[in-house]
Amino acid sequence: MGMFSFVKEAGEKLWDTLTGQEAKAAESLKAHVAKVGLGNPNIQVRVEGEKVIVEGEAANQAEKEKILLALGNVAGVGEVEDRIRVTQAAGTAGASPAARFVTVKSGDTLSAIAKAEYGDANAYMKIFEANQPMLSHPDKIYPGQVLRIPQ
């Protein structure tokens, strides 16, 4: 549980304005989570200004983090308040530890991020795979985008 910050001006554009459209934006965000390939998780989404509040359940830590990133990497979203419970207990088979998050800067590549995070530029596929299905190609990242960096 916590608050995650995002670059409000970066990300996929789902609407022209949020003013007075919070309920419609919440439905658009929930559909966006399903569209990027995360299925239809048991979540509820509310929008309050530039803040998105998400609650519900995720099967595991990785799914939870991907839901948060799918919601936050949208133009107009500045914060995501995480109220998602993970149903798979940490330490059980298939459970993953919490990942770190990194914001892409101008000129960054997945190789450069991998070099900075792991000391090995060739580990970029680990970051790419950890951010699928939101990333479609290792070269398609943009400044302001927030990525999962698994341990």
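The model is predicted, with local features requiring pLDDT of at least 70 and side-chain atom pairs pLDDT 80 or more, while totals for chains, interfaces and linings use all residues. Residues are numbered from 1 along each chain as its sequence is written, and side-chain values use heavy atoms, without hydrogens and water.

In α3 (residues 110-118), Leu110, Ile113 and Ala114 are buried, that is, under 20% relative accessible area. These residues lie on the same side of α3 because they cover an arc of only 100 degrees around the axis, taken from the directions from the helix axis to the C-beta atoms. Their cover includes β5 (100-103), α4 (124-130) and β6 (146-149). Helices are DSSP runs of H or I with at least four residues, and strands are runs of E with at least two, numbered from the N terminus. Glycine 119 follows α3 and has a positive phi, near 80 degrees.

## Packing of α1 and α2

The axes of α1 (residues 22-38) and α2 (residues 61-72) come within 9 Å and cross at roughly 120 degrees. Axes are lines fitted to C-alpha atoms, for helices over the stretch in contact, with angles from 0 to 180 degrees between N-to-C directions. α1 is therefore oblique to α2, the class left after under 35 degrees (roughly parallel), over 145 (roughly antiparallel) and 65 to 115 (roughly perpendicular).

The contact (heavy atoms within 4.5 Å) involves Leu29, His32, Val33, Val36 and Leu38 of α1, and Glu63, Lys66, Ile67, Ala70 and Leu71 of α2.

Technical notes
Buried means under 20% relative accessible area, exposed over 50%, partly exposed in between (1.4 Å probe, protein chains only).
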